[in-house]
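Reader: I am new to reading protein structures. Could we go through this one together, step by step?

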Amino acid sequence: MAEEIVRGTQSGEVTLRIWRGDQDGGAFEEYVMPAQEGEVVLDVIHRVQATSAPDLACRWNCKAGKCGSCSAEINGRPSLMCMTRMDTLPPGETVTVAPMRSFPIIRDLVTDVSFNYEMAKRIPPLLPRSRTEDEEAAGGYRMAQMDVDRSQEFRKCIECYLCQNVCHVTRDHEENKTAYAGPRYFIRSAELEMHPLDTNDRRQLLQEEQGLGKCNITKCCTEVCPEHIKITDNAIIPLKERVVDAKYDPVAWLGRKILNRTKRTAAEAAVSAPAQGPAAVRPSEEVRGVPLPHPHDTGGAVAAAVAAPPATFPGDDAPPDA
Ligand code: SF4
Ligand code: SF4
Ligand code: FES
């Protein structure tokens, strides 16, 4: 690490140790600012920009914990800079502010989070069932409030990517980015899978293309989520159960038949997905930090699911192997 630079000395001060640099390398630099009551880390960063380092790059928009832009690692913990009050940090100690480690650096505290946008494109979108006669007459769908509430938790996501950043599956293993959606996109899949009107089945994709099995339920993602979404308990574990049901449980299969809660297979969902919108369209070229899942196939992650034999995920017309 290059030599650290110390700027400014006053009493009643706060000291920020901020990472400065770009994809070619960098180092922490210290900035000492007058302490001011009621500030959050982002306030002090702004004062550093205004007084000492006008070229310091950081991303922010709302300063209210709602845009998900100001994600960083504060004293090593993935956090929103605008929601981390200075008076909650150890008094008198230097505060270290670093960019999110799991994503490529653009400059200073700004990272390239396009990995997440590519993962988003690989999830087949909502495909609602047809309306019943009653619903046609009423001019809309009917849904139980309980079903609405269950998905609503996941819709609180502000896409700050702190959970994606902290997840050790990709944080410590860059190579896993080829086929690992990550916690933010597991909750997106859970939201769609639990939607009572949806007819797409993403379970095979989740297991074979999006790495659901690599998650070992450490709950680190849940711990850092600023929206307090119970990512592991309410999304990932239920998804894992659904994947297992689809693969092994003949009773669950029978239940779906009796209740007529059938879904399209992953292959069918994948075929229709591009026509439904951009959500399942695979990127045409490798994005930095996001190698394509299978360089040898020509149809992308979604088409790979089409080609994959669905035998291990029986459609609802054939009973699973007992
Ligand atoms: S619970 Fe799963 S998704 Fe969340 S951080 Fe741990 S391994 Fe990653
Ligand atoms: S689930 Fe939580 S931590 Fe993950 S991107 Fe959404 S708001 Fe951020
Ligand atoms: S600036 Fe919007 S979440 Fe921090």
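Reader: Where is Lys-63 in the chain?

Author: Lys-63 sits in the loop between α1 (41–51) and β4 (71–74). Please keep in mind that this is a predicted model.

Reader: Is Lys-63 buried, exposed or partly exposed?

Author: Lys-63 is partly exposed, because 17 other C-beta atoms lie within 10 Å. A residue would need 20 or more to count as buried, and 12 or fewer to count as exposed.

Reader: What about the phi of Lys-63?

Author: The phi angle is near 55°, a positive value in a residue other than glycine. Ile-217 also has a positive phi, of about 55°, although Ile-217 is not a glycine.

Reader: And where does Ile-217 lie?

Author: Ile-217 belongs to the loop between α8 (203–208) and α9. Ile-217 counts as exposed, because 12 other C-beta atoms are found within 10 Å.

Reader: New topic. Which loop holds Thr-84?

Author: Thr-84 is in the loop that runs between β5 (77–80) and β6 (95–98).

Reader: Buried or exposed, then, for Thr-84?

Author: Thr-84 counts as buried, because it has 21 C-beta neighbours inside 10 Å.

Reader: What is Thr-84 in contact with, apart from its sequence neighbours?

Author: If one leaves aside the neighbours within four places in sequence, Thr-84 is in contact with Val-40, Val-41, Ile-74 and Ser-79.

Reader: What share of contacts in the chain joins residues at least 24 apart?

Author: Among contacts between residues at least 6 apart in sequence, the share is 69%.

Reader: How many helices and strands are there in the chain?

Author: The chain has 13 helices and 8 strands. It comprises 322 residues, of which 35% count as buried.

Reader: Let us turn to the helices. How do α7 and α10 cross?

Author: The axes of α7 (residues 183–193) and α10 (residues 231–248) come within 9 Å and cross at roughly 65°. The two helices are therefore roughly perpendicular to each other. Their crossing is left-handed.

Reader: Which residues meet there?

Author: From α7, Pro-183, Phe-186, Ile-187, Ser-189, Ala-190 and Glu-193 take part. From α10, they meet Ile-231, Ala-235, Ile-236, Pro-238, Leu-239 and Arg-242. Sorted by class, this contact has 9 nonpolar, 1 polar and 2 charged residues.

Reader: Now the ligands. Which residues are closest to ligand 1?

Author: The closest are Cys-167, Pro-183, Cys-215, Thr-218 and Cys-221, out of 13 residues that surround ligand 1. The elements giving two or more residues to this shell are α9 (220–224) and α10. By class, the shell around ligand 1 has 9 nonpolar, 3 polar and 1 charged residues.

Reader: And which come nearest to ligand 2?

Author: Cys-157, Cys-160, Cys-163, Arg-184 and Cys-225 come nearest, among 16 residues around ligand 2. Here, α5 (162–166) and α7 are the elements that give two or more residues to the shell.

Reader: Which element gives the most to the shell around ligand 2?

Author: That is α7, with 3 residues. This is the helix whose axis crosses that of α10 at roughly 65°.

Reader: How do the residues around ligand 2 divide by class?

Author: They divide into 13 nonpolar, no polar and 3 charged residues.

Terms used: Residues are numbered from 1 along each chain as its sequence is written. Chains are lettered from A and ligands numbered from 1 in the order in which they are written. This is a predicted model: local features need pLDDT of at least 70, side-chain atom pairs count only at pLDDT 80 or more; totals for chains, interfaces and linings use all residues. Axes are lines fitted to C-alpha atoms, for helices over the stretch in contact, and angles run from 0 to 180 degrees between N-to-C directions. Helices (H or I, at least four residues) and strands (E, at least two) are DSSP runs, numbered from the N terminus. Angles under 35 degrees count as roughly parallel, over 145 as roughly antiparallel, 65 to 115 as roughly perpendicular and the rest as oblique. A crossing is left-handed if the near helix is turned anticlockwise from the far one by less than a right angle, and right-handed if clockwise. Two residues are in contact if their C-beta atoms, placed from the backbone, lie within 7 Å. Ala, Val, Leu, Ile, Met, Phe, Trp, Tyr, Cys and Pro count as nonpolar, Asp, Glu, Lys and Arg as charged, and the others, Gly among them, as polar. A residue is near a molecule or strand if its C-beta atom, placed from the backbone, lies within 6 Å of it.
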